[in-house]
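Take a look at the protein below.

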Amino acid sequence: MKKSQNSERWHRWLPRVAATVGAVTMVAACGEPEDSPRRDETSSASFRLQPAQSCEDVRDDVVDSLTEQVLQNRYSEYWWGNVDFDAGEPQPGAPEAGDDNAGGDRGESPTEFTETNVQEEGVDEPDIVKTDGDYIYTVADGSLQILKSWPPEDTNRVGRFDFPQQAYPHSLFLKGDRVAVFSSIWQHNDYYYDEVGSDDEGGVTPDGDREPSEPGEYVEPFYGTRLTILDVSDRTNPVIEKQVDIEGSYTNGRMIDDKVYVVSNGGMRNLNVWQYMYNNEIPGLPERDHETTPEELEVMRDEARPIVRAYLSDVLADEDVQSWFPRQRILDHDGEVLVEEPLYECNEIYMTDNANQLGVLSISSFDLDTKTTIDSTGLMANGWQVYASQDNLYVAMSSRWWWWWGGNGRQNESHIHKFALHPDGQPEYRASGKVDGWLLNQFSFSEYEGHLRVATTDNRWDWDQETGEQTDSGGNHVIIVKEENGELVETGSVRNLAPTERIYSSRMMGDRGYIVTFRETDPLYTLDLSDPNDPKVLGELKITGFSSYLHPLSDDYLLAIGRDGDENGVMSGVHLQVFDVSDMTDPKLKHHHVISTGGWSSDSEAMWNHHAFTYQARLGVLSVPMNIWDGGEQFTGLMLFEIDAEAAEENAGISEIGRVSHGDLVADSHCVRYDMEPGCQQEDYWGWYSQMRRSIIMSSENGEEFVYSLSDVGMKVNNVYNTDEELASVLLRERF
């Protein structure tokens with residue numbers, strides 16, 4: 001890669017990403033060959049990670065892992081015959097100045113405003129919008145857009161930073177005068193050339209893509225996560241301070257104080273797993289067909305293992321191990337790549353005794369307020385569920401994913417990795433462990449007094465060959481683990497709740513826990529988690545429908561959103577519920593409000609994304625995005641509700657306040673993007689295509705309340721208690 005003359009100067013102050021890598025235990029279906037390498041013969045803990053001593057250790061581990069994947073593909077019960085597969089490894093799908101009027105008696109700034117709805121206090125989560133009250137920052141239309149938000153009637157865009165075409169911004173953090181924007185980077189076009197060092201600047205195609213320069217240097221495809229830190233002290237002119245690319249798919253992130261943590265997943269570079277999995281040229285392998293029994297397949301796997309391993313050892317013997325690791329790139333303000341190098345060194349990789357999964361999980365950290373180093377800690381694994389307390393971060397992987405190779409992928413289990421978070425250092429790998437069952441989302445986890453509580457679904461369905469009937473076993477668990485000598489060890493559990501049902505939501509806070517399962521009815525279980533060695537179910541409430549998100553109103557009440565249903569499990573519209581949990585042994589449904597009554601007649605992003613759920617506690621006001629199609633009623637927008645949990649009359653504690661539609665903004669966006677006058681198209685059906693995403697509630701000194709609604713096309717400001725009063729409207733989507 002060519003570098004500009006100031007490359008070395010940038011390299012001196014922009015950090016090198018240091019990393020430590022380890023591997024998750026993946027138990028092979030039939031054990032390992034006798035000559036399989038071992039890094040630590042003294043280790044007795046199956047999940048305890050040990051450091052590799054050399055690149056040869058890494059090579060041996062990759063050969064072991066790839067061997068098991070080849071065997072699972074060729075000798076599994078689910079087989080499609082020989083495949084002629086010569087293609088490369090598939091990649092994941094790609095996903096004006098404002099008025100400075102202080103607002104009169106509304107005050108110079110809002111007295112109160114809602115922020116991102118997060119799971120743990122003090123642990124921020126990335127989202128598409130953030131606010132400091134005076135300004136709103138959002139990723140929209142391929143850009144970071146900054147809106148002056150106070151006074152509400154003068155809300156207007158004051159700044160915009162456009163990202164390059166290869167970057168897809170999706171979330172951000174805000175801290176003072178700095179914003180960290182996370183983008184997915186897709187540079188995989190064979191005709192994408194490096195702009196550095198070319199005398200010919202090239203041209204632009206009719207589609208807006210850059211034509212290759214001649215002469216130009218081919219840039220190797222890069223898929224990863226870009227961290228762009230911008231100085232927004234001048235809101236009208238955001239300026240890049242730092243850009244770093246980390247190879248791998250963005251998974252999630254957290255921010256604690258000034259420290260940002262980013263979790264990413266990636267594969268092994270320059271190692272085409274599929275090429276070997278579908279290789280029909282390996283000599284001497286036992287032949288199978290569609291009639292081969294499971295018992296015969298097991299024998300074939302044992303027979304084929306040393307053959308496959310010997311073949312792969314020979315093929316990979318001369319490969320550069322270092323080239324398999326993910327890369328990091330440092331860029332200047334203009335996007336010029338100044339430094340590109342692997343994230344990891346061979347002696348920084350951790351290994352287990354068992355065959356591993358071929359993937360790299362990285363936890364990267366940096367300080368948002370200062371130009372400190374960006375560090376990474378990693379495991380040779382995958383992990384797609386992320387949970388963090390103020391002290392530790394956990395990443396987990398469930399066996400339901402297709403790339404879970406061990407044991408034919410039929411175990412119901414999840415692997416969990418723990419990282420300690422240090423304010424002055426990189427994330428420290430601490431321990432790994434396994435729990436029975438599959439995980440739903442981040443609310444499946446909760447850390448409390450040194451223990452991690454995990455809620456899982458562990459239904460097992462088997463077929464009785466003699467009776468010809470299905471047998472059901474298992475259920476749902478709450479399992480408590482703690483760190484001991486590098487492992488996450490179980491200390492207590494509640495098991496087999498609601499067999500044949502699965503968890504739809506969970507919330508564990510302090511010494512209390514709440515689990516909602518569903519198949520035909522919705523049992524809400526209340527749990528006592530005060531003793532990590534002996535958790536207990538205290539109460540159970542069975543009602544129709546289910547709750548997909550539980551939000552604490554107080555120690556006595558829960559607010560829930562989910563889907564309504566009948567006693568036969570037939571689903572209909574979105575509903576809101578208030579549960580009285582003041583007596584944990586006898587939980588009660590106190591208030592129930594159905595948004596629409598037709599079959600599957602409404603949905604809301606807040607059902608599966610808690611960031612879309614905005615609750616202003618002092619006002620008792622809830623705002624959520626909503627889509628309704630119920631007979632003649634069609635609505636897409638924001639709905640506001642007043643929540644009075646203590647209302648005496650049954651079902652009187654939830655009442656609709658009003659609605660906000662962005663249909664006119666959709667029409668305006670259409671007109672602008674097609675280079676026509678705003679207002680050129682105002683048919684009602686355009687409103688159907690607006691997708692409401694988020695809301696913010698702000699309060700003024702004189703007691704007025706305002707809701708800022710954000711859709712995929714723009715933002716509006718309305719009076720909370722009179723949503724027909726629109727104070728401002730800003731179009732954010734202006735490009736294709």
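## The whole protein

This is a predicted model. The protein has 736 residues, and 57% of them count as buried. Its secondary structure comprises five helices and 44 strands.

The accessible surface comes to about 30,900 Å². Carbon and sulfur atoms account for 43% of that area.

Strands of a sheet pair through backbone hydrogen bonds, and the pairing can be parallel or antiparallel.

Strand E34 covers residues 571-580 and pairs with E35 over six bridges. The two run in the antiparallel sense. Find Val578, then find His591 in E35: they are bridge partners.

## Strand E38: enclosed

Strand E38 spans residues 621-630. Why is E38 largely enclosed by the rest of the structure? Eight of its 10 residues are buried, so the rest of the structure largely encloses it. Buried here means under 20% relative accessible area.

## The partners of E38

E38 pairs with strand E36 (residues 602-603) over two bridges, in the antiparallel sense. Ser602 has Ile628 of E38 as its bridge partner.

Strand E37 (residues 614-616) also runs antiparallel to E38, and three bridges join them. Thr614 stands opposite Ser623 in E38. E37 and E38 form a hairpin, with four residues between the strands. Gly620 sits in that turn and has a positive phi of about 70°.

Strand E39 (residues 633-643) is another partner of E38. How many bridges link E38 and E39? There are 10, and the pairing is antiparallel. Val621 has Glu642 in E39 as its bridge partner. E38 and E39 form a hairpin too, with two residues between the strands. In this hairpin, Gly631 takes a positive phi near 65°.

Conventions
Residues are numbered from 1 along each chain as its sequence is written. This is a predicted model: local features need pLDDT of at least 70, side-chain atom pairs count only at pLDDT 80 or more; totals for chains, interfaces and linings use all residues. Side-chain values use heavy atoms; hydrogens and water are left out. Buried means under 20% relative accessible area, exposed over 50%, partly exposed in between (1.4 Å probe, protein chains only). Accessible areas come from the Shrake-Rupley method with a 1.4 Å probe; for residues, only the protein chains shown count as cover. Two strands pair if DSSP finds at least two bridges between them.
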